[in-house]
Amino acid sequence: MFKAPFSQSSCSSSAFSGLILSIFVIHLLASCSTIPVRRFTGRAIANAVSFPANPIEKPGWTLTFQDEFNNGTLDRKKWDTQFYWGSGGHHGRYMADNPKEYYRDDFFEFTDSTILLKADTQAVRVNDMDIPYSTAMIDGHRSLEQQHGYFEIRSRKPTSPGFWPAFWLVSRFSWPPEIDVYEYYTSRPQRWTNSIHYMPEPDNRKMEFKAYKVRYPSDGFHIYAVEWNEKEIKWYFNNELVRTSSTGIETFKFPMHIIINIAMEDPSRASTKMNEAVFPNFLEVDYVRAYKRKE
């Protein structure tokens with residue numbers, strides 16, 4: 001299923017033949033290669049461990065936003081493909097601090113009912129920086145900014161180590177606050193985290209996070225959700241409550257919007273297992289929805 005070509009530096013040699021040439025080539029690959037790049041020649045299909053989709057109607061809640069990704073194209077009225085602080089150019093397409101990925105405008109694929117946010121080894125040079133990977137994101141500040149509510153996604157994470165997909169809420173008006181509904185570091189495939197960022201005092205930013213073990217998170221789709229009200233934040237996995245926190249809740253006083261993205265783990269760390277990363281890879285999203293509590 002996989003092919004594993006190596007990226008090579010150029011090395012000169014004189015003509016060899018037969019066994020001598022073979023030995024030389026083996027030595028060349030061993031001494032001149034960088035991180036192997038494994039190419040995926042097909043697409044994995046979600047199997048029976050997928051958690052079924054929820055109905056759109058949710059008792060006690062009013063639907064305020066949805067995208068079911070059934071049209072085979074990205075709805076540009078709902079989504080931007082760069083961070084909300086980007087105002088054209090490259091500014092919103094990478095993180096300023098040690099960028100590893102560049103968020104491209106066209107790095108999406110579609111099935112008849114899902115969107116696939118793509119990550120690949122397509123390097124980009126911008127502002128005198130070489131950014132080694134191209135990835136994708138969708139930022140919903142154009143269509144939803146909401147304080148309090150229920151935010152839900154059904155998605156399937158990438159299928160190899162090396163990736164960092166996330167579903168999160170953030171405000172255009174202040175940072176923090178931030179609510180991370182999920183983050184995966186796929187070098188640890190059965191571990192997912194959620195977190196909050198808050199600022200109890202000026203210039204005193206803090207974070208609280210939890211990690212959980214999840215069986216088969218890449219094999220199928222799962223539902224992740226967060227309920228945010230004036231007293232607490234609750235996280236759900238496949239409709240089961242897994243965490244409640246009221247830490248810093250008084251600082252969550254700004255409307256927030258949705259971001260879904262696939263980033264890269266740090267390729268310089270051995271623990272990320274980038275030699276096992278398979279490209280291209282995808283964060284696949286079936287739907288995303290937001291609700292307000294009925295009066």
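**Notes on the fold and Ala-166**

1. Starting with the surface: the protein exposes about 14,600 Å², and carbon and sulfur atoms supply 51% of that. Keep in mind that this is a predicted model.

2. Of the 295 residues, 48% count as buried. Take the contacts between residues at least 6 apart in sequence, and 70% of them join residues at least 24 apart.

3. Now for the packing. The largest nonpolar core has 48 residues, and Ile-179, Ile-258 and Ile-260 are the ones with the most contacts inside it. There is also a second, separate core of nine residues, which includes Tyr-103, Met-137, Ala-166 and Trp-168. As background, nonpolar side chains tend to be buried together in soluble globular proteins.

4. Ile-260 deserves a look of its own. Leaving aside neighbours within four places in sequence, Ile-260 is in contact with Trp-79, Leu-117, Met-137, Ile-138, Ile-153, Ala-166, Phe-167, Leu-283, Val-285 and Val-288. Two of those names, Met-137 and Ala-166, also turn up in the nine-residue core.

5. Where does Ala-166 sit? Look in strand 12, residues 163-170. Ala-166 counts as buried because its relative accessible area is 5%, and the cut-off is under 20%.

6. Which residues does Ala-166 touch, not counting those up to four places away in sequence? Tyr-182, Glu-183, Ile-259, Ile-260 and Asn-261.

Terms used: Residues numbered from 1 in each chain as written. Predicted model: local features only at pLDDT ≥ 70, side-chain atom pairs only at ≥ 80, totals over all residues. Heavy atoms only, no water. Buried < 20%, exposed > 50% of the residue type's maximum accessible area, 1.4 Å probe, protein only. Contact = heavy atoms within 4.5 Å. Areas by Shrake-Rupley, 256 points an atom, 1.4 Å probe, with all protein chains shown as cover. Helix = DSSP H or I, 4+ residues; strand = E, 2+ residues; numbered from the N terminus. Core = buried A, V, L, I, M, F, W, Y, C linked by side-chain atoms within 4.5 Å.
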